[in-house]
Amino acid sequence: MDSRLEALESYARDNSIPVLLKDSAEFLEKLVASLKPKNILEIGTAIGYSGSIMLLASPEAKLTTIDKNTSSLAVAKQNFEKLGVYDRVKIIEGDATEVIKSLEGEFDFIFLDGPKAQYLAQLPYLEKLLLSGGSLLADNVLFKGWVKSGVYPKHKHRTTILRLREFLKEASLRLDCTLYEIGDGLLLAKKINKK
Ligand SMILES: C[S@@+](CC[C@H](N)C(=O)[O-])C[C@H]1O[C@@H](n2cnc3c(N)ncnc32)[C@H](O)[C@@H]1O
């Protein structure tokens with residue numbers, strides 16, 4: 001991986017900002033490099049690490065990225081500028097679940113990495129925003145192994161885990177899905193081409 005991206009990852013780690021795990025970051029980089037999407041939507045900008053991975057892997061891509069955290073977004077903007085990709089970025093500050101309800105555009109790649117308990121609620125809106133033939137990649141779908149455990153969780157993450165299980169079920173009914181046990185679990189969901 002580009003040493004400038006590694007520096008972003010170290011900054012996030014040193015400042016306790018959650019970003020993609022290394023294996024998942026490599027998967028994202030390879031996937032985007034092979035798909036070469038033109039119009040990417042990301043939920044969960046943080047400091048711009050995953051967004052920068054995608055922009056460097058697909059040099060013609062534009063990125064619309066949403067986060068509600070003002071201070072992370074300020075760092076993300078600086079990072080996009082430093083990497084020379086800011087002219088390809090549109091940052092939207094707000095609650096992603098609300099923002100996507102009125103967002104316009106057609107995206108050929110969506111990276112979902114915001115609030116895990118909201119994936120299920122966001123799915124129908126994201127499906128509308130995704131072009132036929134486009135792909136959505138969702139991170140943390142196995143949530144530390146709990147989602148696949150079959151056990152009814154009794155702890156504070158119960159709602160998130162139950163909703164992620166429902167998200168995986170719903171997504172598999174509507175999209176062409178492959179689950180990867182990489183990092184914290186990645187779901188790759190392709191919108192089937194309409195004939
Ligand atoms: C895991 S981090 C994203 C990491 C980033 N994708 C990366 O790997 O570089 C999740 C982000 O989602 C944001 N977030 C949480 N709830 C949100 C919401 N309701 N709307 C928008 N962003 C939200 C947090 O502020 C945080 O920056």
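The radius of gyration used here is taken over C-alpha atoms, and the globule rule is 2.2 Å times the number of residues to the power 0.38. By that rule a compact globule with 195 residues would have a radius of gyration near 16 Å, and the protein, with 16 Å, agrees. The C-alpha trace spans about 45 × 45 × 30 Å along its principal axes.

The model is predicted: local features need pLDDT of at least 70, side-chain atom pairs count only at pLDDT 80 or more, and totals for chains, interfaces and linings use all residues. Residue numbers start from 1 along each chain as its sequence is written.

**Fold and core**

The protein has 7 helices and 7 strands; these are DSSP runs numbered from the N terminus, helices being H or I with at least four residues and strands E with at least two. From the N terminus on, their order is α-α-β-α-β-α-β-α-β-α-β-α-β-β. Two residues are in contact if their C-beta atoms, placed from the backbone, lie within 7 Å. Of the contacts with a separation of 6 or more, 68% join residues 24 or more positions apart.

A residue is buried if 20 or more other C-beta atoms lie within 10 Å of its own, exposed if 12 or fewer, and partly exposed in between. Buried residues make up 42% of the 195 residues. In soluble globular proteins, nonpolar side chains tend to be buried together. A nonpolar core is a set of buried Ala, Val, Leu, Ile, Met, Phe, Trp, Tyr and Cys residues joined through C-beta atoms within 7 Å. The largest one has 54 residues, and Leu-28, Met-54, Ile-110 and Leu-112 have the most contacts inside it. Not counting residues up to four places away in sequence, Leu-28 touches Leu-20, Ser-50, Ile-53, Met-54, Phe-111 and Leu-137.

**Helix H6**

In H6 (residues 119-129), the buried residues are Tyr-119, Gln-122, Leu-123, Leu-126 and Leu-129. They lie on the same side of H6 because they cover an arc of only 130° around the axis, the arc being that of the directions from the helix axis to the C-beta atoms. Their packing partners are strand E1 (39-43), helix H5 (96-102), strand E4 (107-112), strand E5 (130-139) and helix H7 (158-174).

**Ligand shell**

The ligand is surrounded by 18 residues, the closest being Gly-44, Ala-46, Tyr-49, Ser-50 and Asn-69; a residue counts as near if its C-beta atom, placed from the backbone, lies within 6 Å. Helix H3 (49-57), strand E2 (62-67) and H5 each give two or more residues to this shell. The shell divides into 8 nonpolar, 6 polar and 4 charged residues. Here Ala, Val, Leu, Ile, Met, Phe, Trp, Tyr, Cys and Pro count as nonpolar, Asp, Glu, Lys and Arg as charged, and the others, Gly among them, as polar.

**Individual positions**

| Residue | Other C-beta atoms within 10 Å | Class |
|---|---|---|
| Lys-77 | 16 atoms | partly exposed |
| Gly-105 | 11 atoms | exposed |
| Ser-16 | 6 atoms | exposed |

Lys-77 is found in helix H4 (residues 70-82). Leaving aside neighbours within four places in sequence, Lys-77 is in contact with Tyr-86 and Ile-91. Gly-105 is in the loop between H5 and E4. With the same exclusion, Gly-105 is in contact with Asn-39, Thr-64 and Leu-129. Gly-105 and Leu-130 are 25 residues apart in sequence and 8.7 Å apart in space, C-alpha to C-alpha.

Ser-16, in the loop between helix H1 (3-14) and helix H2 (22-35), has a positive phi of about 50° although it is not a glycine. Lys-144, in the loop between E5 and H7, is not a glycine either and has a positive phi of about 55°.
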